[in-house]
Amino acid sequence: MTPVGQADTDSWQQVGLNSSRPKSSGPIKKGRTCKMARHDKLYTWMRYLMLLLCVILVISGFVLLGLGAWIRYGAATFVDVLGPYSSQLIYISYICIGMGSVLSFTGLIGCCGAWKENRFFIMLFFFIVTMLFVAEIIGTIFVLTYRNLVSLVVRDASKNSLMTVYMGPAATDPISTAWNTVMVKFKCCGFENTTVDFKGSVFSTTTGLNYPKTCCVNKTLADCDGITITPSLIQPQSCFGKVITVIREQSVILGSAAGCICMMELSSMILAMVLFVKLGLMRHPW
């Protein structure tokens with residue numbers, strides 16, 4: 001039999017030996033490793049998502065470039081119809097071209113920052129996109145506020161150019177050429193009231209005709225002489241509705257594109273800030 005004192009001594013020694021052994025940290029290390037793996041996977045997905053958004057921003061910038069070029073050159077007919085106010089649309093086309101260039105350049109900066117994990121490029125991308133986002137919001141508020149006023153200005157400018165500048169199908173000046181193109185392409189006549197719009201106009205006063213030949217349904221008929229007015233001879237629709245329909249269709253496309261661009265900019269701003277902080281923690285851990 002072992003004495004009681006010796007048994008106590010052995011038990012205390014055993015406790016001391018057991019307590020002196022290092023505790024196993026396997027489960028803790030394994031948990032930390034899994035947590036770090038999840039964080040790394042999330043970080044990788046965020047990088048790829050930012051790359052995707054930046055690529056879309058670059059494409060959107062080229063779309064804005066194309067829109068500006070279309071307003072400046074492809075829609076020259078509608079621009080010239082506005083007469084003295086055509087310079088305002090030309091300025092808008094330059095704004096679209098400038099915004100598109102900046103947006104494409106910014107998207108490339110964001111791609112470089114996300115791909116190379118460069119904090120400077122990411123922060124530069126964040127600041128530029130923030131400024132673009134604020135400018136677009138202000139522009140949207142301005143357009144919505146003065147939408148009715150702009151419509152009235154466009155309406156008055158177009159009608160005024162038809163009354164005071166339009167000189168007929170044979171004229172070669174930009175405004176006359178633009179009106180002839182609109183009437184032939186959209187099969188319309190006048191601005192609002194077909195032949196009534198030409199009464200008292202420079203065209204009617206100069207030529208003595210009631211309407212130009214471009215108003216006729218069939219321009220080869222002998223009755224299409226600028227004097228004879230019959231319902232079957234003259235185009236029944238005015239050009240104002242046709243032009244407004246085209247402008248509204250383009251406005252819907254532009255508005256949808258602008259809304260998508262704003263959402264992508266906001267998402268890329270959030271991702272850029274998160275990646276900036278994450279890179280800082282990775283390079284300078286606590």
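## Terms and model

A residue is called buried under 20% relative accessible area, exposed over 50%, and partly exposed in between. The model is predicted.

## Ring pairs

How many aromatic pairs does the structure hold? There are 5 aromatic pairs. One of them joins Phe120 and Phe121, with ring centres 5.9 Å apart and planes at 50°, so this pair is tilted. Phe121 has a relative accessible area of 26% and is therefore partly exposed, whereas Phe120, at 56%, is exposed.

The rings of Phe126 and Phe127 also form a pair, with centres 5.9 Å apart. Their planes stand at 65°, so the pair is edge-to-face; planes have to be over 60 degrees apart for that class. Is Phe126 buried or exposed? Phe126 counts as buried, because its relative accessibility is 17%. Phe127 is partly exposed at 48%.

## Cluster and charge over a ring

Three residues, Tyr166, Phe198 and Phe203, make up one aromatic cluster.

Which ring lies under the charged end of Arg119? It is the ring of Phe276, and the charged end of Arg119 sits 3.9 Å from the centre of that ring.

## Surface patch

A nonpolar patch on the surface is formed by Trp45, Tyr48 and Trp115. Together these residues have about 450 Å² of accessible area.

Tyr48 has a relative accessible area of 46%, so Tyr48 is partly exposed.

Notes
Residues are numbered from 1 along each chain as its sequence is written. This is a predicted model: local features need pLDDT of at least 70, side-chain atom pairs count only at pLDDT 80 or more; totals for chains, interfaces and linings use all residues. Side-chain values use heavy atoms; hydrogens and water are left out. Rings of Phe, Tyr and Trp (its six-membered ring) pair if their centres lie within 6.5 Å; planes under 30 degrees apart count as stacked, over 60 as edge-to-face and the rest as tilted. Buried means under 20% relative accessible area, exposed over 50%, partly exposed in between (1.4 Å probe, protein chains only). A charge sits over a ring if NZ of Lys or CZ of Arg is within 6 Å of the ring centre and within 35 degrees of the ring normal. Patches are made of residues with over 30% relative accessible area and no salt bridge: like charges are joined within 9 Å, nonpolar side chains (Val, Leu, Ile, Met, Phe, Trp, Tyr) within 5 Å. Accessible areas come from the Shrake-Rupley method with a 1.4 Å probe; for residues, only the protein chains shown count as cover. A salt bridge is a side-chain nitrogen of Lys or Arg within 4 Å of a carboxyl oxygen of Asp or Glu.
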